[in-house]
Amino acid sequence: MTEKEKKLAWQLLERYAETRDPRIRDTLFLMYKPLADSVVNRFAPYQIDKDDLRQEAYRALVDAIDRFNPSYGNLFETFAIPTIVGNLKRYLRDYGWAISVPRSMVDMAYSIQKKLPEIAEKLGHEPTIKEIADELELDEEQVSEVLAIMAVKNTSSIDSKITDESDTTGEELLGLLSDRDLEDEALLEIAVSELPEPERFIIEKRLEGLSQSEIAKLLNISQAQVSRFERKAITKLREAIHG
C-alpha cells in the first residue's frame, strides 16, 4: 500500500470498529487481500492447490478485520498476519501437509533473532516490531510476517510480539488461538471473560499485541509475575476449550 492508502485503510478500520458496517468491511477486505495472498505465497507445500489456501487466508482476514481494535494503536498487519498464519497452519495440519518456509525467510528470522539482544541493549528495553524494522532497515510488515510464520513453524522461540527469553508463553498463546475452530472460539471468549484478575487483563492485552514487559509496566509488577499469571491463564483456557 502507498502511504495514502494506508491512511485511508486506518480511517476505515476506525469507522468499521464504530459502525460495523459490512460495506466498510468489504472495502477493507479488498484493500488487505494482497496481504493474505502474500502470506499464502510465502509458505505452502508445492503439491497443494493454493486456491484452497487462499480461501482459508481470506476467512482469517475477515476474522481479523472483525476483531481488530484500532484504539490500541497497533498496526493491523501485526494483528492480521498471525491470525492468517494460524488458520493456514490448522488447515494444513488437518489435511496432513507440512509447512514449507522459504530459506530466505528462515535466514531472515535467524538474523533478526541474533540481533535482538544488541537492539534491546541499544534501546534500553525489549524492541517492538517497529523498532526492529527501523534498526534493521526492514519493512514492518515483512518483519511481522517473518516472525509470525517462524513462530508457527517452531524453528525459533520468537513471538509475533518480541519478548525476552523468559517470555515463552506468548508462543503458547498463539498456538492456543491458532488451533481453535469456530466452536472453540466461542468457548475461548467465554473462558477469557471468566478469568480472574489480573489474568483476564493480561490475556486481553496479549491478544491486543502487548508484550509481557509492557503489561508489567501497566500493572506495576515484574515481567516474571506477568509470565506466571499468563501461564496459569493459558492452562485454564486450554481446559475450558479442550476439557
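Arg200 counts as partly exposed at 26% relative accessibility (partly exposed lies between buried, under 20% relative accessible area, and exposed, over 50%, using a 1.4 Å probe and protein chains only). This is a predicted model, where local features need pLDDT of at least 70, side-chain atom pairs count only at pLDDT 80 or more, and totals for chains, interfaces and linings use all residues. Residues are numbered from 1 along each chain as its sequence is written, and side-chain values use heavy atoms, with hydrogens and water left out. The salt bridge count comes to 15, where a salt bridge is a side-chain nitrogen of Lys or Arg within 4 Å of a carboxyl oxygen of Asp or Glu.

- Arg200 pairs up with Glu197 in a salt bridge, 2.3 Å from N to O.
- Glu197 is partly exposed too, at 48% relative accessibility.

**Within helix α3**
- Glu56 and Arg59 make a salt bridge, with their closest N and O atoms 2.6 Å apart.
- The two sit 3 residues apart in α3, so about one helical turn separates them (helices are DSSP runs of H or I, at least four residues, numbered from the N terminus).
- Glu56 is buried at 16% relative accessible area, whereas Arg59 is exposed at 52%.

**Across the chain**
- Asp66 and Arg20 form a salt bridge with the closest N and O atoms 4.0 Å apart.
- This one links distant parts of the chain, 46 residues apart: Asp66 is in helix α3 (residues 50-67), and Arg20 is in the loop between α1 (3-19) and α2 (22-42).
- Asp66 is partly exposed at 24%, and Arg20 is partly exposed at 38%.
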